[in-house]
Amino acid sequence: MSERLTIAVPRGALFQGTLDLLDGLGIDTSEVRSNERRLLFADQGIVTMRPSDVPTYVEHGSADIGVTGKDVLLEQSQRKVYELLDLGYGQCQMVVAAPDRGDPIGDALRRLGRVRIATKYPRLAAEHFAATGRQAEIVEVKGSVELAPLTGLVDGIVDLTATGKTLEENNLRVVETIGTCTARLIANPVAHKLKAEQIDSIVERLRG
Amino acid sequence: MSGHHRSVAGKPATSRTAIPPGTRDVLPEEMRELRAIGDRMRAAFEEAGYGEVHTPALEYEEVLLRGDARAAGARYRTFDERGLVLALRSDMTIPIARVVATRYADAQPPLRFSYFARAWRATERGVGEPREFLQAGLELIGVAGADGEAEVVALTIAALDAAGLRRHRVGVGDGALYRSLLGSFGVPEASHVPMLEALSRRDLVGLEGQVDRLGLGEAERDLLVRLPQLRGGREVLDRADTPGLDGLRALHERVEQRGVADRVIFDLGLVRELGYYTGPVFEVYDPAVGFALGGGGRYDDLIGRFGRDLPACGLALDVQRVHLAQAAEEALG
């Protein structure tokens, strides 16, 4: 087996923070930073992908370890990956938000017995409403979730927000906070045993 | 039915042609390779005195529940003509425990059995997760403690050697260790289940948060956080600095005598999902693939539930995964 670890790095909001982290570990990321379109950096042991794909590559062992958001891990809770460390950066809130006028979610529940919720996190949203004893119809969307309540598609949304700015600009307000999400270090279960030393040395340095 | 069975290319599968999710057809080329691997492992088992047994695919659900009530949700069920509930077995260990207690009620232990059999487990996991799988396994009945476990571990390694793998390892942990630590630190029972659940998923972030909320002393806290991260050779048993490891120390001694100590990884966070394990648990890995090839452990209470009190341990390999690992090793050269 190759001794070098393959690391799955999320592009998007966690990209810079993750590259900074790798720099701190002595991994040269300059090539990754200067190549927007390249995905695989074999010399550095880095593969880049969207955050929601990180658990997939790590679960299958195509990457030994990886960084992704807790939101992704909650949504993909069936993935067999080990969650090793809370990396602290990329902090966001998972929230329920609704149009800023009145109480559309409460109204829908009272009058229609159920609320319609748009989200990119169908599993997480369904669990949240089930756990709080409310019937919800979950509408999965791929793009900007904020649009859904504005057009009358749904009564509210479940989404990740960092500053709340996008919500505000679309006349939405946070009505519940489900939890805080940060970047997490995850590992493939087999690599966690067979490459224990390399993984532990990274975890120890990151724990500081 | 008469007439046209031939499918039209590109036509979506219908209920007339589909197979249930998690099942698959095996065609001759793959079957030949699977058969070859199976034959070589079978020969290794037979040579070590593990005679092959077979049991019905369908058992009375009541019988399987006696073995492990928690696995019940994952079983496929049907009824017989009298309305009795039948279930497809979800592993071979429970049926073999039944066989030992009924067909070998007076036989002098130890007893050694092997099997090549299909088992079925329903799953909530996504597309592609198998629900029917071919297991190759062994059960050693009537040998308590490290002697029994070392024999099972060594024979598993030998069988995989025979199957053509070169880099496989066996992870060994103690499924009862963490629970007994929680008990000895006076952690309330209500916290055990969520903590053991986080441990079995190796949600180490979640586990650490739960440990912190217990308000334990620093030494206890550190041990509960550190233990699931300890894995490696014999040295982790010393580094762990906790009682309850004598069994694993003895196991190390025995696998060393058998010359396979370098293939064994002690993993103090290892727990297995099945409910009947009572002590050491095993998992089998190959660096060429990212998933475990199989697992097992000691189940000293199981056969007693069927009427004959005997210590036992065993291990099952997923033959298709062994095949994947063998092909991946071959590709790596």
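**Exercise 1. Describe the open sheet of six strands in chain A and state which strands stand at the edges.**

Step 1. In this predicted model, the strands of the open sheet in chain A follow the order β2-β3-β1-β4-β11-β5, and their pairing is mixed.

Step 2. The edges are held by β2 (40–41) and β5 (82–86) of chain A. Each has a single partner strand, so one side of each is left without a neighbour in the sheet.

Step 3. Inside the order, strand β1 (residues 7–10) and strand β4 (residues 65–69) of chain A run parallel and are joined by two bridges. Ile7(A) has Ile65(A) as its bridge partner in β4(A).

**Exercise 2. Work out how chain A is divided into domains and what each domain gives to the contact between them.**

Step 1. The domain assignment places 7–90 + 182–207 of chain A in domain 1 and 92–180 in domain 2.

Step 2. The C-alpha centres of domain 1 and domain 2 of chain A are 29 Å apart.

Step 3. Domain 1 of chain A puts five residues into the contact, and domain 2 of chain A puts in seven residues. On the side of domain 1 that touches domain 2, one residue is nonpolar, two are polar and two are charged.

**Exercise 3. Decide whether strand β10 of chain B is covered or open, and identify its partner strands.**

Step 1. Count the buried residues: in β10 (residues 280–285) of chain B, six of six are buried.

Step 2. Separate the two faces. In a regular strand the side chains alternate between the two faces of the sheet. Pro280(B), Phe282(B) and Val284(B) are on one side of β10(B), with Val281(B), Glu283(B) and Tyr285(B) on the other, and both faces are covered.

Step 3. Look at the pairing. β10(B) pairs with β7(B) over six bridges in the antiparallel sense, and Asp174(B) stands opposite Pro280(B). β10(B) also pairs antiparallel with strand β11 (residues 294–298) of chain B, over four bridges; here Phe282(B) has Gly296(B) as its bridge partner.

**Exercise 4. Characterise the overall form of chain B and its side of the contact with chain A.**

Step 1. Chain B contains eleven helices and twelve strands. Its radius of gyration, 21 Å, is close to the 20 Å that the globule rule gives for 333 residues, so chain B is as compact as a globular protein of that length.

Step 2. Of the 333 residues in chain B, 40% are buried.

Step 3. The contact between the chains takes 21 residues from chain B and 17 residues from chain A. On the chain B side, β7 (169–174), α7 (204–213), β8 (231–232) and β9 (264–267) each supply at least two residues, and α7(B) gives the most, with three residues.

Step 4. By class, this side of chain B has eight nonpolar, five polar and eight charged residues.

Conventions
Residues numbered from 1 in each chain as written. Chains lettered and ligands numbered in written order. Predicted model: local features only at pLDDT ≥ 70, side-chain atom pairs only at ≥ 80, totals over all residues. Contact = placed C-beta atoms within 7 Å. Nonpolar A, V, L, I, M, F, W, Y, C, P; charged D, E, K, R; others polar. Domains from an automatic or database assignment. Rg over C-alpha atoms; globule rule 2.2 N^0.38 Å. Buried ≥ 20, exposed ≤ 12 C-beta atoms within 10 Å, placed from the backbone. Pairing = 2+ DSSP bridges.
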